[in-house]
Amino acid sequence: MDRTILHVDMNSFYASVECLHRPELRSHPVAVGGNVEARHGIILAKNQQAKQAGVQTGSALWEARQMCPGLIIVPPNYPLYLRYSSLARAIYQEYTQQVEPFGLDEAWLDISGQDGQATAEEIRQRIFKQLGVTVSVGVSWCKVMAKLGSDLRKPDKVTCIRRDNYAALVAPLPVSDLLYVGPATTRKLKDLNLCTIGDLAAVDPRLLQRKMGKVGLLLWRLSRGEDDEPVACSADNTLIKSVGNSVTTPRDLITATDVKLTLYALAESVGARLRERHLAGQTVEVQVRDSGLGSCSWQCALPWVTSLTQDIAQTAWQLFQARYSWLSPIRSLGLRVTRLTADRPYQPGLLAEQQQRERQLALDQTVDQLRSRYGYHCIKRGLFLTDSLGELDARGDHIIAPVAYLKGGISVAG
């Protein structure tokens, strides 16, 4: 029997919450934007008035102001958004414990055995009545189709995608609407003359495997709704597939020392968050965006799982040195640890090595405790004293919340 899966998407979430708390903004086009001085100058979210004026998420602030001269841009208030995200999740959990967040504003719910459309309507109405924001809800037999449903009709709508209306609703959609299909993958599929989800579903999977490897086969299955991925219970740490941080630096990084310092700052944040959740990971991924906004990423698997800052930083630094060609200065860096598991002691062959790692873990935990009591800058690495970049607090300045899936497409390590 098919499952009943909901995907709930809070419409224009950041901007909606801002307008809810600041009534004087409600009649104006409003966007939540980054800090121009800190070089986070892009639109993060916009309300319906701004959207109707042509403002796009991800566009530069100056472009948005040109598009909509009356646009009001407010800075992000993540604690407020986290509060509303938690309140919404509490409502979802009244219907099922199988609630899987997808960022702050989206979540999947497995409500198998219940009436999908009726439950979706009830949740839609409750969120608006109790929280004051609207949601769009997709109802389907699997996660990927439920996500398509919530994207299909916005705002404040419920859309059911069933097997009997799949051909009419889903097949004509552009292939870029499918979860995991980002811009690069869209271009590859269009080169194969696969422009719609129906085209992708109908193609010979052997062609996709030959041209794109395992990713091609995955996308082919998803386009056909062959998605048996379970909705993870939100109380389960297995929900967290990765822990990472990225930062747009105050100035372009032009030397190896600049990069090393920034990667160590990111590693301190990621390591601390892993230890906080009693997790460890085995794969380290580095993401680079240059001054021309070109981006690339690479990853490396370790022979052991770790939450040690030094392991994460050294692996990231070695990975960067081996892969980056320095064609352009660097604007932002990201660091992520994946293949997570419950933290457990690493057992090397040598007793001395094990003792050294135990001492390193104790040192990391001491630093974590000091910073939790007295602030991030109460203790610093000597490396951070060599440059103003050492003032970066990667965790406090720019946090990427752990999510079960990576939004924006599949990233294939190069």
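Two strands are said to pair if DSSP finds at least two bridges between them. Helices (H or I, at least four residues) and strands (E, at least two) are themselves DSSP runs, numbered from the N terminus. With that in hand, we can walk through this structure together. It is a predicted model, in which local features need pLDDT of at least 70 and side-chain atom pairs count only at pLDDT 80 or more, while totals for chains, interfaces and linings use all residues. Residues are numbered from 1 along each chain as its sequence is written, and side-chain values use heavy atoms, with hydrogens and water left out.

Let us begin with a sheet. Five strands make an open sheet with mixed pairing, in the order β5-β6-β1-β7-β8. Its edge strands, β5 (99-101) and β8, each pair on one side only. From one strand to the next, the twist averages 15°; axes here are lines fitted to C-alpha atoms, for helices over the stretch in contact, and angles run from 0 to 180 degrees between N-to-C directions. Inside the sheet, β1 and β7 run antiparallel and are joined by six bridges.

Contact, here and below, means heavy atoms within 4.5 Å. α5 lies across β1, β6, β7 and β8, running at about 165° to β7.

V139 has a relative accessible area of 7% and is buried; buried means under 20% relative accessible area, exposed over 50%, and partly exposed in between (1.4 Å probe, protein chains only).

Next comes the interior. A nonpolar core is a set of buried Ala, Val, Leu, Ile, Met, Phe, Trp, Tyr and Cys residues joined through side-chain atoms within 4.5 Å. The largest one has 35 residues, and Y92, L109 and I127 have the most contacts inside it. Elements that each supply at least two of its residues include β1 (5-10), α1 (13-21), β6 (106-110), α5 (116-131) and β7 (135-140). α4 gives the most to this core, with six residues. If you look at Y92, you will find that it touches V8, M10, V99, A107, L109, I123 and I127, not counting residues up to four places away in sequence. Apart from this core lies another, of 34 residues, among them L253, L302, A316 and L340.

There is also a sheet of three strands, open and mixed in its pairing, with the order β3-β2-β4. β3 and β4 are its edge strands, each pairing on one side only. The twist in this sheet averages 30° from one strand to the next. β2 and β4 run parallel, joined by three bridges, and A31 stands opposite I73 in β4. α1 packs on this sheet, touching β2, β3 and β4, with its direction at about 115° to that of β2. The buried residues of α1 are F13, Y14, A15, V17, E18 and C19, and they pack against β1, β2, β3 (43-46), β4 (72-74) and α4.

Our last stop is strand β10 (residues 279-290), where 11 of the 12 residues are buried, so the strand is largely enclosed by the rest of the structure. β10 pairs with strand β12 (residues 330-342) in the antiparallel sense over 11 bridges, and L335 in β12 is the bridge partner of V286. β10 also pairs with strand β11 (residues 295-306), again antiparallel, over eight bridges. There, V288 stands opposite C296 in β11, and C296 is partly exposed, with a relative accessible area of 32%. In the hairpin of β10 and β11, which has four residues between the strands, L293 takes a positive phi near 70°.
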